Amino acid sequence: WAIVAGTLPPGLSIAPSGAQGQGQLTGTPTTPGTYNFTLRVTDSATPTVATADRAFSLVVASAVTATTTTL
């Protein structure tokens with residue numbers, strides 16, 4: 001697994017090929033916004049190596065806050 005275009009939101013990462021949980025997005029995004037990125041997965045099995053790319057758009061919303069004057 002690899003990011004071939006764009007970036008993940010700050011605070012998120014993707015486990016690379018060969019790692020435990022490969023391809024898994026983990027973390028907590030820290031900055032609201034829309035993030036566009038393309039992931040590539042590679043199957044290195046023989047006799048033919050195969051790859052596939054997929055574009056994603058991820059929207060990170062602002063944190064929800066609650067304000068109260070009494071509990």
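**Exercise 1.** Is Phe56 of this predicted model buried, partly exposed or exposed?

*Solution.* Buried means under 20% relative accessible area, exposed over 50%, and partly exposed in between (1.4 Å probe, protein chains only). Phe56 has 35% relative accessibility, so Phe56 counts as partly exposed.

Residues are numbered from 1 along each chain as its sequence is written. In this predicted model local features need pLDDT of at least 70, side-chain atom pairs count only at pLDDT 80 or more, and totals for chains, interfaces and linings use all residues; side-chain values use heavy atoms, without hydrogens and water.

**Exercise 2.** Find what kind of aromatic pair Phe37 and Phe56 form.

*Solution.* Rings of Phe, Tyr and Trp (its six-membered ring) pair if their centres lie within 6.5 Å; planes under 30 degrees apart count as stacked, over 60 as edge-to-face and the rest as tilted. The count is 1 aromatic pair. For Phe37 and Phe56 the centres are 5.9 Å apart and the planes make 20°, and the pair is stacked. Phe37 lies in strand β4 (residues 33-43) and Phe56 in strand β5 (residues 50-60), so the pair ties together parts 19 residues apart in sequence. Strands are DSSP runs (E, at least two residues), numbered from the N terminus.

**Exercise 3.** Which residues make up the largest nonpolar core?

*Solution.* A nonpolar core is a set of buried Ala, Val, Leu, Ile, Met, Phe, Trp, Tyr and Cys residues joined through side-chain atoms within 4.5 Å. Phe37, at 5% relative accessibility, counts as buried. The largest core has 5 residues: Leu8, Leu12, Ile14, Phe37 and Leu39. Strands β2 (12-14) and β4 each give two or more residues to this core.

Notes:
Helices (H or I, at least four residues) and strands (E, at least two) are DSSP runs, numbered from the N terminus.
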